[in-house]
Amino acid sequence: MKNSAKKRGSSSQLPQHEYVLDPSHDFAKVHEFSSCAPDELQAWIEKNPNQISEELLAHGVVIFRSTPFRTAAEFKSVIGSVFGDMESFQNYKGGLTSRARDKEEGVFLTTMVPPEAGINQHHEMSYLRRFPGKICFFCETPAEYGGSTPICDARRLIKTLDKKIVQSFQQRGVMYIRNYESVPGFDPKIFISWQNSFETDSKEKAEAYCRDHGMRTEWVSDKHLRVMNRRPALHRHPKTGDLIFFNHVNLANTYSSDKQTLSPAVRAWLPNISPELKEHFLKTSAEHQPMVIAYGDGTPVESSVLEEIAGAYGEIAVSFKWNRGDFMLIDNFLATHGRDPYVGKRKILVMLLEPTTVTADS
Ligand SMILES: [Fe+2]
């Protein structure tokens, strides 16, 4: 973790150190607290919601480090103090992977993607028409080993990427094609069923949900549902106007045009991939791949482009290692997040806030 020189906080009487995680790019503001009581910190947060919101716009990510908070109820209370009565996402329908909820407080746990798999950088739910404008993480239990959250400055990413790649996606948009079918060897926590994804056993309800959210459905067979939606690849931040490379190309694409190599997403998700599964991903046509992210006209993205995008994120990623009680507030436009593989009973809670709907389809 890169730290700038620490300084004593000046915005309140509360003892804290303020610094920026990546000072050379002014990315990710940290408030590190030491030896403060929960009610003291809660009071400080309640006094400073505007400052925190401004920091989020300026730095993309705001982290409360080493807080005395420990429970899901405290997590909800703190987030409520910062963002007021913002509606929390009530569901994760159409989501890519399995996601459980804390039984008492209703907040989500982070994805159930197995610990040995890494998760590439992404903007949360950017493949959907409706996505969270902000996401908040809270560390209830850190991993025994690994499990850091790498984050990237989206305003820097778009400048790091090859301009031709950005222009190409801007002009063509992206097409997300998901094939929900049962394939032997696929981990159902990564490649979930349509019933799990749309939280229903009713084909009619799943179809209606897709229709209402701008996704086309096609039953290839009784057990194979294909869902397609075309989205813009770039969005402007609703407040700052920054142009953001806002899509899921780097995370979920299991297919590349030349089929010579596994896509970066498959390599990250399935580090110990069996020979049979490797064969499947390399040999199976796009019609049977779990997630194909193509250009908007349906043309698969070249592997060289996927590699270039993954490389750009890797170049600018800043890693954050969790301690118990840490909070991370993310502007879902201004920053991407990922996850390192880990060992242990890591428990990170998440709230998806500020439902944002972009109706214009590219
Ligand atoms: Fe995520």
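In the predicted model, helix 1 (residues 38-47) and helix 3 (residues 72-83) pack with their axes 8 Å apart and at an angle of about 25 degrees, where axes are lines fitted to C-alpha atoms over the stretch in contact and angles run from 0 to 180 degrees between N-to-C directions. Helix 1 is therefore roughly parallel to helix 3, a term applied to angles under 35 degrees. Pro-38, Gln-42, Ile-45 and Glu-46 of helix 1 make the contact with Glu-74, Ser-77, Val-78, Ser-81 and Val-82 of helix 3, contact being defined by C-beta atoms, placed from the backbone, that lie within 7 Å. Helices are DSSP runs of H or I with at least four residues, and strands are runs of E with at least two, numbered from the N terminus.

Residues are numbered from 1 along each chain as its sequence is written. Because the model is predicted, local features need pLDDT of at least 70 and side-chain atom pairs count only at pLDDT 80 or more, whereas totals for chains, interfaces and linings use all residues.

Phe-69, in the loop between strand 4 (61-65) and helix 3, is buried, with 22 other C-beta atoms within 10 Å, the cut-off being 20 or more. Leaving aside residues up to four places away in sequence, Phe-69 touches Pro-38, Glu-74, Phe-75, Val-78 and Gly-325.

Strand 20 (residues 347-357) pairs in the antiparallel sense with strand 5 (residues 108-109) over 2 bridges, pairing requiring at least two bridges found by DSSP. Strand 7 (residues 130-141) also pairs with strand 20 in the antiparallel sense, over 10 bridges, and Phe-138 stands opposite Leu-349 in strand 20.

Definitions and conventions. Angles under 35 degrees count as roughly parallel, over 145 as roughly antiparallel, 65 to 115 as roughly perpendicular and the rest as oblique. Two residues are in contact if their C-beta atoms, placed from the backbone, lie within 7 Å. A residue is buried if 20 or more other C-beta atoms lie within 10 Å of its own, exposed if 12 or fewer, and partly exposed in between; C-beta atoms are placed from the backbone.
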